[in-house]
Amino acid sequence: MAIIEPTLFSWKDVEARSDLDRFYLVRDHLPDEEIVQALEANRDKGRDDLPVRAMWNSVISGVVFQHPSIESLIRGQKRNPALLDACGFNPLPAQKKPVPELVRDAAGGPVRIAWPAGEEPHYAVPNS
């Protein structure tokens, strides 16, 4: 009779988790610190509107969530604020404050303050 030994690790345990839990597993256990530090060092004077760590985590989440393209990943992040937070982006929608303008009537009348229409709130998701 064969003796079945218990395994230390089972894929069934991983597959039973949610996608976000699987992303946490990968994010927290992937030995990627040297890669992220190299990316931050190579950034130099490039764009710095989004953090390198958050962008790296975003790419990792695209693999875990099996997105076929970057555009698909971006759409998924826009629908999932919990994933944005897990990647390191701000999960709250941002909205720029409208800048008021002073407008003088054409006939030389009094000056009034005009408030332009504000833009729609958006998440801090990178574009493609």
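Reader: Which residues does Asn57 touch, not counting residues up to four places away in sequence?
Author: In this predicted model, Asn57 touches Phe23, Arg27, Ala86 and Cys87 once those sequence neighbours are set aside. Each of these pairs counts as a contact because it has heavy atoms within 4.5 Å.

Reader: Why is Asn57 called buried?
Author: A residue is called buried when its relative accessible area is under 20%. Asn57 has a relative accessible area of 5%, so it is buried.

Reader: In which helix is Asn57 found, and which other residues of that helix are buried?
Author: Asn57 belongs to helix α4. The buried residues of α4 are Val52, Ala54, Trp56, Asn57, Ser58, Ile60, Ser61, Gly62 and Val64.

Reader: What covers the buried residues of α4?
Author: The cover includes α2, α3 (33-43), α5 (70-79) and α6.

Reader: How do you know that the span of α4 is close to the expected one?
Author: The expected span is 1.5 Å times one less than the number of residues. For α4, with 13 residues, that expectation is 18 Å, and the helix reaches 18 Å from its first C-alpha to its last. The span of α4 is therefore close to the expected value.

Reader: What makes a set of residues a nonpolar core, and how many residues has the largest one here?
Author: The members must be buried residues of the kinds Ala, Val, Leu, Ile, Met, Phe, Trp, Tyr and Cys, joined through side-chain atoms within 4.5 Å. The largest such core has 17 residues, and those with the most contacts inside it are Leu20, Phe23, Phe65, Leu83 and Phe89. At least two residues of this core come from each of α2 (19-29), α4 (52-64) and α6 (81-87). Its largest share, five residues, is supplied by α4. In soluble globular proteins, nonpolar side chains tend to be buried together.

Reader: With which residues is Leu83 in contact, leaving aside its neighbours within four places in sequence?
Author: Leu83 is in contact with Leu20, Phe23, Ser61, Phe65 and Gln77.

Reader: What does the secondary structure of the chain come to, and in what order do its elements run?
Author: The chain has six helices and two strands. From the N terminus on, the order is α-α-α-α-α-α-β-β.

Reader: What share of the 128 residues counts as buried?
Author: Of the 128 residues, 23% count as buried, which means that this share has a relative accessible area under 20%.

Conventions
Residues numbered from 1 in each chain as written. Predicted model: local features only at pLDDT ≥ 70, side-chain atom pairs only at ≥ 80, totals over all residues. Heavy atoms only, no water. Buried < 20%, exposed > 50% of the residue type's maximum accessible area, 1.4 Å probe, protein only. Helix = DSSP H or I, 4+ residues; strand = E, 2+ residues; numbered from the N terminus.
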